[in-house]
Amino acid sequence: MVELNFEEYFYMYMPSMILVVGAIVILLANAFAHYFSRSTSLSLSLIFLIASCLFCFSVGHVLYVSNRTHIVEIIILVASFWFVFLTFSKYRFVEFQTPEFYPLYLLSVAGFMIMVNANNLILVFLGLELGSLPLSVLIAFNRRIYGIEAGIKYFLASALASVFFILGILFFYLYSGDFHINASIVYYKETLQHESIFRILLILFGISFMFAGIGFKISLVPWHTWMPDVYEGSNPVLAGYVSIVPKIAGFAVFTSMFGVLFNTDVSTQGYVENLLKIFIFITITIPNIMALLQRDIKRMLAFSSISHSGFALACIYLGSFDTLVLYWILFLITNLGAFATLWVNKPQNFHARFDYSLERFSGFGKKKPIIALGLAFFMIVLAGIPPFSIFWGKIFIVSVALERGEIVLAFVMMINSAIAACYYLKPIVAMFFKPPLIGKEEYEDNATLPIKMIIFGCVVLCVGSIFVVSYFFEYIPLLNI
């Protein structure tokens with residue numbers, strides 16, 4: 001039996017525990033307050049997120065976590081901070097006026113932090129549940145019927161992910177008698193060296209089910225079908241959060257558990273590597289084609305996000321986790337700006353189903369030229385147009401693929417980048433080249449000074465992304481698998 005080192009576990013999981021304590025404090029504060037104050041709950045949430053982030057830089061925490069885990073923790077906390085900051089909007093939406101919203105938000109972030117820190121499969125599962133269940137409730141807080149539908153779908157997708165992951169843990173434990181991830185890495189490497197077909201099937205079933213469980217979280221094809229509906233039913237704040245935080249946590253766990261399986265030497269590739277490559281191809285390509293057919297900007301961004309997951313998975317396949325982290329930082333900057341720009345334009349009851357339909361943005365450039373220019377800019381950045389942020393992320397992935405001799409993979413990524421440019425231009429065409437709709441041209445300004453500052457900061461970082469890239473490679477330790 002492995003003896004637990006209390007000091008090690010204390011420093012490893014204290015950032016997550018700070019968030020859990022913060023959730024309890026906010027819940028009790030709202031329970032005993034005479035009336036609910038959104039400003040107080042938001043301020044307390046930001047304080048605990050900052051406290052958790054500061055603890056991540058403490059000597060004790062840095063000593064007991066890997067460089068890879070540390071940088072992913074920072075991405076999760078920074079993304080969570082800025083997305084919850086967007087709730088400080090001009091209009092008081094019902095989901096942000098609910099006292100339970102802020103404690104549940106902190107619990108969700110804490111769950112994904114536990115996932116990243118976990119050194120055994122049970123803790124990964126605990127983090128998966130703690131991160132997903134509160135998030136399904138947060139999505140359902142949207143008073144529109146599609147918000148409730150989105151919450152239910154996210155809950156069901158999370159439940160399916162949990163079932164697959166539990167089955168994977170079961171098969172793996174039957175094989176190894178151990179829940180430790182480091183032990184799993186050893187067994188993965190030695191799978192094909194055993195003579196017993198029964199034992200080989202046990203470990204392969206375990207790998208397959210855990211792969212599917214995490215595939216739900218990072219929205220790989222064919223486990224991606226929940227994501228467009230969740231985006232559609234969520235407000236832009238939570239849609240942006242779902243596009244960044246759960247995925248980077250899932251990719252970190254995926255790398256820890258499966259990264260050693262993938263051999264980038266073309267001459268010695270086995271069926272596992274070829275199978276993963278197929279997943280990469282379909283995850284990049286199919287959502288891109290589906291995005292071309294969408295009539296709603298949020299659904300279009302959902303399919304785009306799935307395609308971006310394919311690019312991130314390619315980084316793991318290529319054995320370059322530092323490129324994955326860089327790509328996700330650039331994606332965070334761009335997505336934060338894009339969803340913040342959508343958020344400042346409060347939706348009217350324009351469409352029975354879609355809040356951000358392309359038709360609604362016809363002639364938008366004449367009504368709100370500044371917001372339209374901002375949205376157009378972020379569409380151009382997401383399309384990978386040089387010299388902005390996503391372009392550098394994709395160029396580094398393609399460069400690594402070419403260095404590894406993966407010519408076909410690099411070609412598929414470049415072709416899909418060209419396809420993506422087509423659907424990202426559709427909102428720009430609608431805003432600046434189509435006439436406004438008669439009688440349906442009202443737009444409500446939901447902007448506050450903090451949200452405007454976030455958008456401006458994202459624009460600056462996207463324009464100066466080459467400096468972000470230079471800083472990353474100069475000061476961030478190498479994170480290769």
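Predicted model: local features only at pLDDT ≥ 70, side-chain atom pairs only at ≥ 80, totals over all residues.
1. Glutamate 149 counts as partly exposed because its relative accessibility is 32%, where partly exposed is the class between buried, under 20% relative accessible area, and exposed, over 50% (1.4 Å probe, protein chains only). Lysine 153 is likewise partly exposed, with a relative accessible area of 27%. The side chains of these two residues, lysine 153 and glutamate 149, meet in a salt bridge at 2.7 Å, N to O, the term standing for a side-chain nitrogen of Lys or Arg within 4 Å of a carboxyl oxygen of Asp or Glu. Both residues lie in helix α7 (residues 145–176), where 4 residues, about one turn of the helix, separate them; helices (H or I, at least four residues) are DSSP runs, numbered from the N terminus.

2. Residues are numbered from 1 along each chain as its sequence is written, and side-chain values use heavy atoms, with hydrogens and water left out.

3. A second pair to look at is arginine 299 and aspartate 229, whose side chains meet in a salt bridge at 2.8 Å, N to O. Arginine 299 belongs to helix α13 (residues 297–317) and aspartate 229 to helix α10 (residues 226–233), so the pair ties together parts that are 70 residues apart in sequence. Arginine 299 and aspartate 229 are both buried.

4. The structure holds 6 salt bridges, and one of them joins the side chains of arginine 404 and glutamate 403 at 3.9 Å, N to O. Here arginine 404 is partly exposed, with a relative accessible area of 27%, whereas glutamate 403, at 63% relative accessibility, counts as exposed.

5. The surface also carries a nonpolar patch formed by Ile370, Leu373, Leu425, Val429, Phe432 and Phe433, which together have about 620 Å² of accessible area. Patches are made of residues with over 30% relative accessible area and no salt bridge, with like charges joined within 9 Å and nonpolar side chains (Val, Leu, Ile, Met, Phe, Trp, Tyr) within 5 Å; accessible areas come from the Shrake-Rupley method with a 1.4 Å probe, and for residues only the protein chains shown count as cover.

6. Helices α16 (369–382) and α18 (407–433) each supply at least two residues of that patch, and α18 gives the most, with 4 residues. Isoleucine 370 lies in helix α16 and, at 67% relative accessibility, counts as exposed.
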